Amino acid sequence: MNRPQNSGKGTLRGAELSAQKFFDFLPGFWRDFGVQANYTWIDGDNETRTSLNSGAFTKTALVGVAKQNYNVALLYEGHGITGRLAATRRGDYVEQIAEAPFDQDRMVKGATFVDLSIGYEINDNVSLQFDAINLTKTRFESQLGPYMPRDIRYNPTTYGVSLRFRM
C-alpha cells in the first residue's frame with residue numbers, strides 16, 4: 001500500500017540571481033536583441049517517518065527540489081517580431097524517498113531543455129505565434145541508486161502555431 005503521510009520538521013534555504021538586459025546601446029539591428037538569465041540554488045531537508053506506525057523520523061532530501069537550476073534566453077523584440085530562444089537546466093532531484101526492498105531514493109537525472117518561440121504582429125489586433133518545445137529532444141531519466149535505471153522517457157519536440165486576437 002502506498003499513501004501520502006505527514007512529515008516532521010524541515011528546512012529550506014536558497015538564493016536566486018536574475019538579470020535581463022536589452023542591447024539598446026548597440027547600433028542598428030543589434031539594439032533589438034537582449035539576454036535574460038537566472039540561477040537558483042536551493043538546499044534543505046525534511047524529516048520522514050522511518051515506518052508508517054513509527055513515531056521515529058529520519059532526515060531525508062526534499063522531494064521534487066533540485067539544488068541547482070538555471071535559465072538563459074536570447075531575446076529579440078523589434079519590427080513587429082518577438083523571439084525567444086531559451087535553455088533551461090534543472091539539476092538532479094529526489095523523486096521518491098527510499099522504500100523497501102531497495103532502500104535507495106528514486107532520483108531523476110538533471111536535464112537541459114531548449115525551447116524557441118517566435119511571434120509576428122500582423123497588425124494592432126492580430127499576431128501569429130510559433131513555438132517549438134524541447135528542440136534537443138531531451139529525455140527524462142530516473143533511477144534507484146547509481147546503477148539501477150528505473151524510467152527513461154523519450155520526449156519528442158513539440159511544435160505549435162497560434163493566431164492571437166486582441167480586442
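Which side chain meets that of Arg106 in a salt bridge? In this predicted model, the partner is Glu95, at 2.9 Å from N to O. The pair links distant parts of the chain, with Arg106 in strand E7 (residues 106-108) and Glu95 in strand E6 (residues 93-96), 11 residues apart. The count of salt bridges comes to nine.

**Salt bridges**
- Arg106 counts as buried because its relative accessibility is 16%, under the 20% cut-off.
- Glu95, at 27% relative accessibility, counts as partly exposed.
- Lys67 and Asp43 also form a salt bridge through their side chains (3.0 Å, N to O).
- Lys67 lies in the loop between strand E3 (57-60) and strand E4 (68-78), and Asp43 lies in strand E2 (residues 33-49), so this pair ties together parts that are 24 residues apart in sequence.
- Lys67 is partly exposed at 47% relative accessibility, whereas Asp43 is buried at 18%.
- In Glu121 and Arg166, the closest N and O atoms of the salt bridge are 3.8 Å apart.
- This pair links distant parts of the chain, 45 residues apart: Glu121 is in strand E8 and Arg166 is in the segment after E12.

**Strand pairing**
- Strand E8 (residues 111-121) and strand E9 (residues 126-133) run antiparallel and are joined by six bridges.
- Four residues lie between E8 and E9 in the hairpin they form.
- E9 also pairs with strand E12 (residues 158-165) in the antiparallel sense, over eight bridges.
- Asp131 stands opposite Gly160 in E12.

**Gln129 in strand E9**
- Gln129 belongs to strand E9 and counts as buried at 10% relative accessibility.
- Its side chain makes a polar contact with the side chain of Ser117 (2.5 Å).
- Among the residues in contact with Gln129 are Ile118, Gly160 and Arg164.

Key
Residues are numbered from 1 along each chain as its sequence is written. This is a predicted model: local features need pLDDT of at least 70, side-chain atom pairs count only at pLDDT 80 or more; totals for chains, interfaces and linings use all residues. Side-chain values use heavy atoms; hydrogens and water are left out. Two strands pair if DSSP finds at least two bridges between them. Helices (H or I, at least four residues) and strands (E, at least two) are DSSP runs, numbered from the N terminus. Buried means under 20% relative accessible area, exposed over 50%, partly exposed in between (1.4 Å probe, protein chains only). A polar contact is a pair of N or O atoms within 3.5 Å; within protein, one must be able to donate a hydrogen and the other to accept it, and residues adjacent in sequence count only if both atoms are side-chain atoms. Contact means heavy atoms within 4.5 Å. A salt bridge is a side-chain nitrogen of Lys or Arg within 4 Å of a carboxyl oxygen of Asp or Glu. Lists of a residue's contacts leave out its neighbours within four places in sequence.
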